[in-house]
Every structure is written in structure tokens, then in C-alpha cells.
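Please read this briefing with the sequence and the 3D view open side by side, and look up each residue as you come to it.

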Amino acid sequence: LLAYRRLQDPAVANFLKDSDHSLVQEAARAIIGANISKAFPALAALSNQPDSLDYLLGLRVLNAHFRQGSNKDAQALAAFAANENASAALRAEAVHHLSTWENPPARDRVIGLFRPLPSRDVQVAKDALSSVFDTLLEAPEQVQSKAIETATKLNLAPLTKNLFTKFQSSDTPASVRITILNTLLKLNDPRLEEA
């Protein structure tokens, strides 16, 4: 595996199917760390098994989708965010990737190296988030908050129109209500004063 990494050989992806989890982890580190783009599809495919992903492996799997940047990858990120079998932290991370879809940061989110990506069509992220937004509003609170923040950032006003009602509900967690309040402020919503 380490030899494949040094050679930047996409065959390192074969270790993603290994029964030894430490080898799967190391293969994911190699693919993202050495930027082996031909192995990104194999790494990204692990998002279909969210219950088998721990946090660090999950970060790399989601990052592979983000770096590939196709319409299917955006939809896969949205589907992952909506999947109840995935951890709340990783679901929120998937939504975060949609929030930066149009203008990806120049630094790789996982390892911090300078690896700029070109600008992408924001409509792809909008469509992906819109398809799961209602589901995300029933998710754990950090996922709800991230979904609302992202909808606001992507100027998805139709998605945010019912947030005032959610804000009024005493069942809505405080952190989500704060996010909604910030959204109403950013959208200059006439109901802000009432909220």
C-alpha cells in the first residue's frame, strides 16, 4: 500500500475492500494525501455504506466526492446528508461541501494543502440540497443548522419560507432557532422583529 502511494498508483484503491479496517483507513489517507484522482471514484463509493464509516474515513470519502465535482457527486453528498445511518457530524460535513460547491476553497479541507479547484455551477448544489432539504429539517440539530445555513448561502429563498413557523415551535432546538434567526436577518425578512 505504501509503495502504491509513493508511486501514486490508483491500484491503492484495492485496499479499500480489505477486511482490515486499518488498511482501509491507510488507503483512504493515501488517495487523498497523495491526490490520486483516479482512485477517487472507488473511495467515494464508500459513501453507500455510511454505517461502516468512522469520522476520519468519512471525511476522506466525502472529500473525494467534493473533489470530483460532478452532478452525481453533488447528489451523492445530498443523499449522504439525508441518510439516517450516517453520523450527524458526517452528515453536516456533506452539507458543508454543498455550501462551498460553486467556489471551492483553495486548500484541501481534509489535509490543508493548497489544491485549488475550478469554479463550478452553483445550480448543481442548489438542486442537490433542494432534493433533501425537508428531510434535513428532521435530522439531528447540527445537520438542521448546517442545512439552513447552506440554503441561505445558496439563496434558496423558497426553501427558507417556512422557517419562521419552525422558529416559533418550542420543539425546535435552540441552536437551530438561532440559525433561523440569523437567516431571517440575512434575508431581511419582515417577520424578523416579531421573531
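This is a predicted model: local features need pLDDT of at least 70, side-chain atom pairs count only at pLDDT 80 or more; totals for chains, interfaces and linings use all residues.

Residues are numbered from 1 along each chain as its sequence is written, and side-chain values use heavy atoms, with hydrogens and water left out. Helices (H or I, at least four residues) and strands (E, at least two) are DSSP runs, numbered from the N terminus.

**Helix packing**

- Helix H4 covers residues 55–68 and helix H5 covers residues 71–82, and the two pack at an angle of about 150° with their axes 8 Å apart. Because of this angle, H4 is roughly antiparallel to H5.
- Axes here are lines fitted to C-alpha atoms, for helices over the stretch in contact, and angles run from 0 to 180 degrees between N-to-C directions. Angles under 35 degrees count as roughly parallel, those over 145 as roughly antiparallel, those from 65 to 115 as roughly perpendicular, and the rest as oblique.
- H4 passes H5 in a left-handed crossing, a term that applies if the near helix is turned anticlockwise from the far one by less than a right angle, whereas clockwise would be right-handed.
- On the H4 side, Leu-62, His-65, Phe-66 and Gln-68 meet Asp-73, Ala-76, Leu-77 and Phe-80 of H5, where contact means heavy atoms within 4.5 Å. Sorted by class, the contact of H4 with H5 has five nonpolar, two polar and one charged residues.
- For these classes, Ala, Val, Leu, Ile, Met, Phe, Trp, Tyr, Cys and Pro count as nonpolar, Asp, Glu, Lys and Arg as charged, and the others, Gly among them, as polar.
- Helix H2 (residues 21–33) also packs with H4, and their axes come within 10 Å and cross at roughly 40°. That angle makes H2 oblique to H4, and H2 passes H4 in a left-handed crossing.
- In this second pairing, His-21, Val-24, Gln-25, Ala-28, Arg-29 and Ile-32 from H2 meet Leu-56, Leu-57, Arg-60, Asn-63 and Ala-64 from H4. The residues of the contact of H2 with H4 divide into six nonpolar, three polar and two charged.

**Salt bridges**

- A salt bridge is counted when a side-chain nitrogen of Lys or Arg is within 4 Å of a carboxyl oxygen of Asp or Glu, and by this rule the count comes to six salt bridges.
- One of them joins the side chains of Arg-67 and Asp-108 (3.7 Å, N to O). This pair links distant parts of the chain, with Arg-67 in helix H4 and Asp-108 in the loop between helix H6 (88–99) and helix H7 (122–136), 41 residues apart.
- Buried means under 20% relative accessible area, exposed means over 50%, and partly exposed lies in between (1.4 Å probe, protein chains only).
- The side chains of Lys-146 and Glu-149 meet in a salt bridge too (3.5 Å, N to O). Both residues lie in helix H8 (residues 141–153), three residues apart, which is about one turn of the helix.
- Lys-146 counts as partly exposed at 21% relative accessibility, and Glu-149 is partly exposed with a relative accessible area of 40%.

**A buried threonine**

- Thr-183 lies in helix H11 (residues 174–186) and is buried, with a relative accessible area of 3%.
- Leaving aside neighbours within four places in sequence, Thr-183 is in contact with Ile-148, Thr-152, Thr-160 and Leu-163.

**Backbone angles**

- Most residues other than glycine have a negative phi.
- Gln-8 has a positive phi, near 55°; Gln-8 lies in the loop between helix H1 (2–7) and H2, and counts as partly exposed at 48% relative accessibility.
- Asn-188 likewise has a positive phi, near 55°; Asn-188 is placed in the segment after H11, and is exposed, with a relative accessible area of 64%.
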